[in-house]
Amino acid sequence: MEAKPTRWSDDRLDDLKQSVDVGFIEVKGRIDRLDDHVDRLQHAMVLGFLAMGTMMFAGFGAMITLFATHF
């Protein structure tokens with residue numbers, strides 16, 4: 001088993017910093033993609049609710065017209 005180093009050298013600190021920076025960039029990219037997916041889902045939901053409201057309005061209008069002309 002290797003002994004634990006007692007001090008961090010500048011080279012090791014630079015390697016650690018580079019590793020952390022690369023990991024952060026990967027995580028940030030995944031979060032950005034997730035944000036895009038959530039934005040598209042929200043957009044689709046808004047359009048769906050608008051379409052559903054429009055269909056309900058037209059359906060009720062058709063029913064009222066049908067009842068008004070029948071009786």
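Colleague: Asp11 first, then: buried or exposed?

Modeller: Asp11 counts as exposed because its relative accessibility is 57%. The cut-offs are under 20% relative accessible area for buried, over 50% for exposed and partly exposed in between, with a 1.4 Å probe and protein chains only.

Colleague: And what are the ground rules here?

Modeller: This is a predicted model, where local features need pLDDT of at least 70, side-chain atom pairs count only at pLDDT 80 or more, and totals for chains, interfaces and linings use all residues. Residues are numbered from 1 along each chain as its sequence is written, and side-chain values use heavy atoms, with hydrogens and water left out.

Colleague: Which helix holds Asp11?

Modeller: Helix H1, residues 10-70. The protein has one helix and zero strands; helices (H or I, at least four residues) and strands (E, at least two) are DSSP runs numbered from the N terminus.

Colleague: How spread out is the protein?

Modeller: Its radius of gyration is 30 Å, well over the 11 Å that the globule rule gives for 71 residues, so the protein is more spread out than a compact globule. That radius is taken over C-alpha atoms, and the rule is 2.2 Å times the number of residues to the power 0.38. The C-alpha trace spans about 95 × 20 × 10 Å along the principal axes.

Colleague: What share of residues counts as buried?

Modeller: 0% of the 71.

Colleague: What about His37 and Asp35, how exposed are they?

Modeller: His37 is partly exposed at 47% relative accessibility, and Asp35 is partly exposed with a relative accessible area of 40%. Helix H1 contains His37 and also Asp35. From His37 to Leu16, 21 residues apart along the chain, the C-alpha separation is 32 Å. For Asp35 and Asp15, 20 residues apart in sequence, the C-alpha atoms are 30 Å apart.

Colleague: Changing topic, which residues make the nonpolar surface patch?

Modeller: Leu41, Met45, Phe49, Met52, Met55, Met56, Phe60, Met63, Leu66, Phe67 and Phe71 make a patch of about 1300 Å². Nonpolar side chains (Val, Leu, Ile, Met, Phe, Trp, Tyr) are joined within 5 Å, like charges within 9 Å. Areas come from the Shrake-Rupley method with a 1.4 Å probe; for residues, only the protein chains shown count as cover.

Colleague: And Met55, buried or exposed?

Modeller: Met55 counts as exposed, at 59% relative accessibility.

Technical notes: Patch = residues over 30% accessible without salt bridge, like charges linked within 9 Å, V, L, I, M, F, W, Y side chains within 5 Å. Salt bridge = Lys/Arg side-chain N within 4 Å of Asp/Glu carboxyl O.
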